[in-house]
Amino acid sequence: AREEEAEERVLYVLDGGFRVAAGALKAGDARGLGAHTDRPAITPADKKPLKLLEIRAHGEGTGEKLIHGADVKSYKIAGGKATARLLLDGTGAKLAVDEIDAGAGASIAAHKHKTEDEELFFLAGRTTTTVGKKAYETAAGDALRIPANATHTMKVLEPVRAIQIYAPAGPEQRFKKEK
């Protein structure tokens, strides 16, 4: 029998809220689960429907963490036309989960990540995102995977809110250095 490879898991609250033994979470918060195999027991915090994004990446996580989005520092990026909030920054996580907000007209210049895959889950807005030579029109509810070493760009057509995931973590650290 083949052993299952460990996965790091994170629950990101899109809408609603819930309580777990470690505390309460609401929209914009995240819960790192490390390499647990089962989702923790969840108690709804209110009558609002709960919407979660579950993120998984290969590799053993660093354990359980509660991340309150309101406590996370925001970094200006894209020449000040966008912000990035690094939800798992400093937790020792093997993957990065970031919130990106960008105004219409913001653009991300051509770049690539040598060894990290990037996934974008669009919560609002529209973009034209080019991966390699292929252009994709994105809108709320879309997900886009950008494989490691693929050159990509983005032009924001309507104000965007997105969850950005890097596996493994690392490229998000550049946001701290951007002027």
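A: One term to begin with: buried means under 20% relative accessible area, exposed means over 50%, and partly exposed is in between (1.4 Å probe, protein chains only). Also, this is a predicted model, where local features need pLDDT of at least 70 and side-chain atom pairs count only at pLDDT 80 or more, while totals for chains, interfaces and linings use all residues. Residues are numbered from 1 along each chain as its sequence is written, and side-chain values use heavy atoms, with hydrogens and water left out.

Q: Got it. How many salt bridges does the structure hold?

A: Eight. A salt bridge here is a side-chain nitrogen of Lys or Arg within 4 Å of a carboxyl oxygen of Asp or Glu.

Q: Which residue forms a salt bridge with Glu54?

A: Arg9, and the closest N and O atoms of the two are 2.6 Å apart. Glu54 lies in strand β6 and Arg9 in strand β1 (residues 7-15), so the pair ties together parts that are 45 residues apart in sequence. Strands (E, at least two residues) and helices (H or I, at least four) are DSSP runs, numbered from the N terminus.

Q: Is Arg9 buried or exposed?

A: Arg9 is buried, at 3% relative accessible area. Glu54 is partly exposed, at 26%.

Q: Which residues are linked in a network of salt bridges?

A: Arg85, Glu99, Asp101 and Arg161.

Q: Switching topic: where is Glu116 found?

A: Glu116 is in the loop between β11 (107-111) and β12 (117-131). Glu116 is buried yet has no salt bridge, and the nearest side chain of opposite charge, Arg174, is 8.1 Å away. For charge, Lys and Arg count as positive and Asp and Glu as negative, with His and the chain ends not counted.

Q: So what is Glu116 in contact with?

A: Contact means heavy atoms within 4.5 Å. Leaving aside neighbours within four places in sequence, Glu116 is in contact with several residues, including Pro147, Ala167 and Pro168. The side chains of Glu116 and Thr115 are also joined by a polar contact of 3.2 Å. A polar contact is a pair of N or O atoms within 3.5 Å; within protein, one must be able to donate a hydrogen and the other to accept it, and residues adjacent in sequence count only if both atoms are side-chain atoms.

Q: You mentioned Pro168. Is the peptide bond from Ala167 to Pro168 cis or trans?

A: It's cis, with omega near -5 degrees. Pro168 lies in the segment after β15 (152-167).

Q: What's the phi of Ala78?

A: About 50 degrees, a positive value although Ala78 is not a glycine. Ala78 lies in the loop between β8 (74-77) and β9 (82-86). Asn149 has a positive phi too, about 70 degrees, and is not a glycine either.
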